[in-house]
Amino acid sequence: MNDFLMRQIRSELEDAVGQENVSVRQSDKISHSVDNFWLPRMYADRGLIPPLADIIVYPGSTQEVSKVLVIANYYRLPVYPWGGGGGSQGGALPLKGGILLDTKRMNKIIDFDEQSMTVTAQTGIVYTQLEYYANERGYSLMHYPSSINCSTLGGFLAHNGIGVLSTKYGKIDDQCVNVEMVIPNGKVLHSAPVPKHSSGPDLKHLFLGSEGTLGVMTQATMKLYRLPETRRFRAFLFKSVADGLAAGRDMLQVIKPSIIRLYDEAETVSLIKKVIGFSKPGAFMNVAIEGAKDMVAVEEKHMLEICARYGAGDLGSDYGEKWRDSRLTFFYPDKVLDFPLMFGTMDTVLKYANVEKCYHAMKEATEQFEGVRFIAHFSHWYEWGCMMYDRFIMDNPPADPEEAFRLHNKIWNAGVRAALASGGVVNDHHGVGMKLGRLMKEQYGDSMIVFEGLKKALDPNGIMNPYKMGI
């Protein structure tokens, strides 16, 4: 792009959103070039420059987003929607230059409907602020991911995220009523006003999880829940992961906990010990039950009976409460995995029949690399299966950036392919981004024509978040 054309495009963007909301400052470009994906952070750590956008734009409304996309589509410029920048998959990285569209000016609450138990907001709002707004009125959205304090509503929708209370309340697609999205020709699309219907396929499910590859989600309506009368925690220690998995499966046939967190032996003696001070060998499980007090008492009785059936030691509520108080601490400095380590979270979800097989296959696949260790916990449960939140860790990765880049991708290839071979999926809730895009065709095969067809129909010029999700 030559300087003359750049000035012309910049002036058109300033006309669309205001001069003060368009930036070409190097500091803004650099701050939008790194998310929580290990590879661009490694680039910065090694003194290299990650991919930079040409222009940063801060729209404040759906209409302004529409204007920006029309301009970008005319000039065939790539556009990268950006929320809080907390993603771990490189899903918002400006790999091809162009326009980075930061949504955080779109932070308004549009409607609070207590009769229908919904709240409507712009997607650039930081999720904690939306949750606080609901809490002050006696409600909650019941979506508590670990990045709640730094990520936006749109970011969670774009990656079809999940929070710690998911076993009772579901993923964010279960909590979302409807969504609005702008596509490159400037048209504003809407899913049905209600989440359950037989008026054809629900467009909401085409938008959610699309990671900015089809357009920009600008507004969403979310469910509200009254704050529970009580929430009780109980911790258990199982002799093995297998016993804990069986107990969790049986619980889901009888009761509906909001949280079940089961840690393998390796994570129990490392992370659990480090954060909450519990150090006995075994598989640590924390369970939360919530709702009306009398209903919680009944569910707690069944929970205790099921865990006892599988030989679990009852640790009482103290460790469970400490886990709750420390749940975000796991991701703060000195507790979270960080440089100089090489690490990655390969979360997948499986039917119960495949969980143990996948656990051992991924452990073997990642630990074949010298110096790599594997830990996991199981944290989002369904009647048919659960999610495995597994991580590889390497204490002394290569200093050479090219060697580190190559080794990082080899470990990911081995781990995710082991998950696919065991009946898992490429990812459960962090999204695909650029990190895993190459593996989407290995999961879907010929079925990728559906995603590719949607991309061609809604974004024929290919400007939306290129090189993400394998499309």
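**Ground rules.** I'm looking at a predicted model, where local features need pLDDT of at least 70, side-chain atom pairs count only at pLDDT 80 or more, and totals for chains, interfaces and linings use all residues. Residues are numbered from 1 along each chain as its sequence is written, and side-chain values use heavy atoms, with hydrogens and water left out.

**Strand β8.** Seven of its seven residues are buried, so the rest of the structure largely encloses β8. Buried means under 20% relative accessible area, with a 1.4 Å probe and protein chains only.

**Its partners.** Strands pair if DSSP finds at least two bridges between them. I found six bridges from β8 to the antiparallel strand β10 (residues 216-223), where V182 has V216 as its bridge partner. Three bridges link β8 to β9 (residues 188-190), also antiparallel, and there E180 is partnered by H190. Five residues sit between the strands in the β8 and β9 hairpin, and G186 takes a positive phi near 95 degrees.

**Helix α13.** Next came residues 318-326, helix α13 (helices are DSSP runs of H or I, at least four residues). Which residues of α13 are buried? I noted G320, W323 and S326.

Terms used
Buried means under 20% relative accessible area, exposed over 50%, partly exposed in between (1.4 Å probe, protein chains only). Helices (H or I, at least four residues) and strands (E, at least two) are DSSP runs, numbered from the N terminus.
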